[in-house]
Amino acid sequence: MVALSEQNLEARAAFLRDAAEQAIGTLSGDRCLMVGAGSGYNTEEFGDYFDEVNALEIEPREFPDVVDHGIFADGTRLPYQDDVFDLTVAISVIEHVVPPVNRPKLAEEMVRCTKPGGHVFFQIPNGRFPLELHTGLPLFHWIPGAKQVAIEMGYTGLKRVHIPSRAKLARWVREAGADVIEERSFAYPSEAIPKYNQLYEVFDDIGVFRVFPFGHIVVGRV
Ligand SMILES: C[S@@+](CC[C@H](N)C(=O)[O-])C[C@H]1O[C@@H](n2cnc3c(N)ncnc32)[C@H](O)[C@@H]1O
């Protein structure tokens, strides 16, 4: 796995927060929900803008201090009433939902729990990025059968990753009943990238990341 420093993670969280703000206008509101909150960098960054921060995880984890109410549950069956949150966020989560056929259900549930006029924010990695980020091997995941080999080598996390395309994610958000107000691909700023910063900046300058973006963002208005 390619290791990210604290500075990389903070820079990613700030970048995603800015992207949400650009799409939505303002991030302030009564309540937000971070689905699949994980290690917490994004939860801290987004949570600061809301009076009440809710976080949900399928795996027992320690939530960061900014969280007012944290629960352990499945994001495809959110234990909240309809129309509760101003912003509902899933960053690098929907591709981990198993079985993969349940991925649209995560979008559906997030839209259901979000207030009319509120927003849902999704970020997913680019499944066609030329570096496979679990193994750190270039082009590895483009080889037929390589994923199974990697799983057998011990990269068991790969077993549960099914990255949808940006278009498919946007379709799920629409089918869930939200208007898609932003659908774009991105590359992180160089502070968010481990070790290869200078090379990264050269690649960025010559437009490599326009062809191979790092990930995609989809924002829906409910
Ligand atoms: C790659 S991590 C991302 C964590 C966090 N969102 C972040 O940006 O740092 C994916 C997270 O999604 C959680 N997850 C996977 N499936 C889930 C589900 N069905 N419901 C809720 N959380 C889920 C995992 O436990 C894991 O913490």
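**Getting to know this predicted model**

Me: What does Asp83 count as, with 13 C-beta neighbours inside 10 Å?

Reply: A residue is buried if 20 or more other C-beta atoms lie within 10 Å of its own, exposed if 12 or fewer, and partly exposed in between, with C-beta atoms placed from the backbone. Asp83 has 13 such neighbours inside 10 Å, so it counts as partly exposed.

Me: What kind of model is this?

Reply: Residues are numbered from 1 along each chain as its sequence is written. Local features need pLDDT of at least 70, side-chain atom pairs count only at pLDDT 80 or more, and totals for chains, interfaces and linings use all residues: this is a predicted model.

Me: Where is Asp83 found, and what is its phi near?

Reply: Helices (H or I, at least four residues) and strands (E, at least two) are DSSP runs, numbered from the N terminus. Asp83 is found in the loop between strand 3 and strand 4. Most residues other than glycine have a negative phi. Asp83 has a positive value instead, near 55 degrees.

Me: How many helices and strands does the protein chain have?

Reply: The protein chain has 222 residues, and 36% of them count as buried. Its secondary structure comes to 7 helices and 9 strands.

Me: In what order do the 7 strands of the open sheet stand?

Reply: Two strands pair if DSSP finds at least two bridges between them. Strand 3 (69–72) and strand 8 (179–186) stand at the edges with a single partner strand each, so one side of each has no neighbour in the sheet. The pairing is mixed, and the order is 3-2-1-4-5-9-8.

Me: In which sense do strand 1 and strand 4 pair?

Reply: Leu33 stands opposite Thr88 in strand 4. Strand 1 and strand 4 pair over 4 bridges, and the sense is parallel.

Me: Which strands does helix 5 touch where it packs on the sheet?

Reply: Two residues are in contact if their C-beta atoms, placed from the backbone, lie within 7 Å. Axes are lines fitted to C-alpha atoms, for helices over the stretch in contact, and angles run from 0 to 180 degrees between N-to-C directions. The direction of helix 5 makes about 15 degrees with that of strand 9. The strands that helix 5 touches are strand 5, strand 8 and strand 9.

Me: Which residues have the most contacts inside the largest nonpolar core?

Reply: A nonpolar core is a set of buried Ala, Val, Leu, Ile, Met, Phe, Trp, Tyr and Cys residues joined through C-beta atoms within 7 Å. The largest one has 45 residues, and those with the most contacts inside it are Cys32, Val89, Ala90, Phe122 and Val173.

Me: How many residues of helix 3 are buried?

Reply: The buried residues of helix 3 pack against strand 1, strand 4, strand 5, helix 5 and strand 9. Arg103 and Glu109 are among them. Helix 3 is largely enclosed by the rest of the structure because its buried residues number 8 of the 11.

Me: How many C-beta neighbours inside 10 Å does Cys113 have?

Reply: Cys113 is found in helix 3. Not counting residues up to four places away in sequence, Cys113 touches several residues, including Leu33, Tyr80 and Phe85. Cys113 counts as buried because its C-beta neighbours inside 10 Å number 24.

Me: How far apart in space are Asn126 and Ser185, C-alpha to C-alpha?

Reply: Asn126 is found in the loop between strand 5 and strand 6 (131–132). Asn126 touches Ser185, Phe212, Pro213, Phe214, Gly215 and His216, leaving out residues up to four places away in sequence. Asn126 and Ser185 are 59 residues apart in sequence, while their separation in space is 8.4 Å.

Me: Which residues come nearest the ligand?

Reply: A residue is near a molecule or strand if its C-beta atom, placed from the backbone, lies within 6 Å of it. Of the 19 residues around the ligand, those that come nearest are Gly36, Gly38, Ile58, Gly75 and Ile91.

Me: Which residues does a cis peptide bond join?

Reply: Most peptide bonds are trans. Pro99 is found in the loop between strand 4 and helix 3. Omega is about -10 degrees at a cis bond that joins Val98 and Pro99.
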